[in-house]
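Biologist: Could you put the model up and go through it with me?
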Amino acid sequence: ARRRVGGAPDSTSPSFVRYVGSEVVNLGFSFISEAGATVVTETEAWSWARYSGIIAGDELVAVNGMFCRGHPIDEVIQRLAGRPLFLVFSADSSPTPSDREGAQRLIKAALKKASAKLLQQAAQTE
């Protein structure tokens, strides 16, 4: 089994979501486009990616709801430059249609959680 840190799931979880806030300047991972998939090749020590449990071989499935497969790598890079980000990764880098549905559910849940957190923060500042 693959060892993960930073609260990331173990290898039995096919997809997982990571939130990137405006405070993150450098994501700290490199990737390639391989057979249409955006696959992490390495993570930098002490980076957001390493802390978040991203490891080489993970597939970046979606960026803010846009599935990476079928999109040019330049478009993926452009989307990764924005903040905030909701990134969906797959630990096995071979998502099936059910993984896509699971990724969509993860995105919706993460957006709902982030929205609730933002509303709570806004209420506290009033």
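Modeller: What follows goes through confidence, the cores, a charged pair and one serine. This is a predicted model, in which local features need pLDDT of at least 70 and side-chain atom pairs count only at pLDDT 80 or more, while totals for chains, interfaces and linings use all residues. Residues are numbered from 1 along each chain as its sequence is written, and side-chain values use heavy atoms, with hydrogens and water left out.

Biologist: What is the mean pLDDT of the chain?
Modeller: The mean is 80, with 75% of residues reaching 70 or more; pLDDT is the predictor's confidence in each residue, from 0 to 100. Over residues 1-13 the pLDDT is below 50, although this stretch has 26 contacts in the model beyond near neighbours in sequence, a contact being heavy atoms within 4.5 Å. Where pLDDT is low, the predicted coordinates should not be read in detail.

Biologist: And which elements have the lowest and highest mean pLDDT?
Modeller: Helix 3 (residues 97-125) has the lowest, at 69, and helix 2 (residues 73-80) the highest, at 95. Helices (H or I, at least four residues) and strands (E, at least two) are DSSP runs, numbered from the N terminus.

Biologist: How many residues are in the largest nonpolar core?
Modeller: That core has 19 residues, and Leu27, Trp48, Leu60, Leu80, Leu87 and Phe89 have the most contacts inside it. A nonpolar core is a set of buried Ala, Val, Leu, Ile, Met, Phe, Trp, Tyr and Cys residues joined through side-chain atoms within 4.5 Å, and buried means under 20% relative accessible area, exposed over 50%, partly exposed in between (1.4 Å probe, protein chains only).

Biologist: What does Leu80 touch?
Modeller: Not counting residues up to four places away in sequence, Leu80 touches Leu27, Phe31, Leu60, Val63, Leu85 and Leu87.

Biologist: Switching to charges, how many salt bridges are there?
Modeller: A search of the whole structure finds one, a salt bridge being a side-chain nitrogen of Lys or Arg within 4 Å of a carboxyl oxygen of Asp or Glu. Glu59 pairs with Arg69, their closest N and O atoms being 2.9 Å apart. Glu59 lies in strand 4 and Arg69 in the loop between strand 5 (66-67) and helix 2, so the pair ties together parts 10 residues apart in sequence.

Biologist: Is Glu59 buried or exposed?
Modeller: Glu59 counts as buried because its relative accessibility is 1%, whereas Arg69 is partly exposed, at 35%.

Biologist: Last one: where is Ser47 found?
Modeller: Ser47 is in the loop between strand 3 (37-43) and helix 1 (48-51), and at 9% relative accessibility Ser47 counts as buried. Leaving aside neighbours within four places in sequence, Ser47 is in contact with Leu27 and Gly28.
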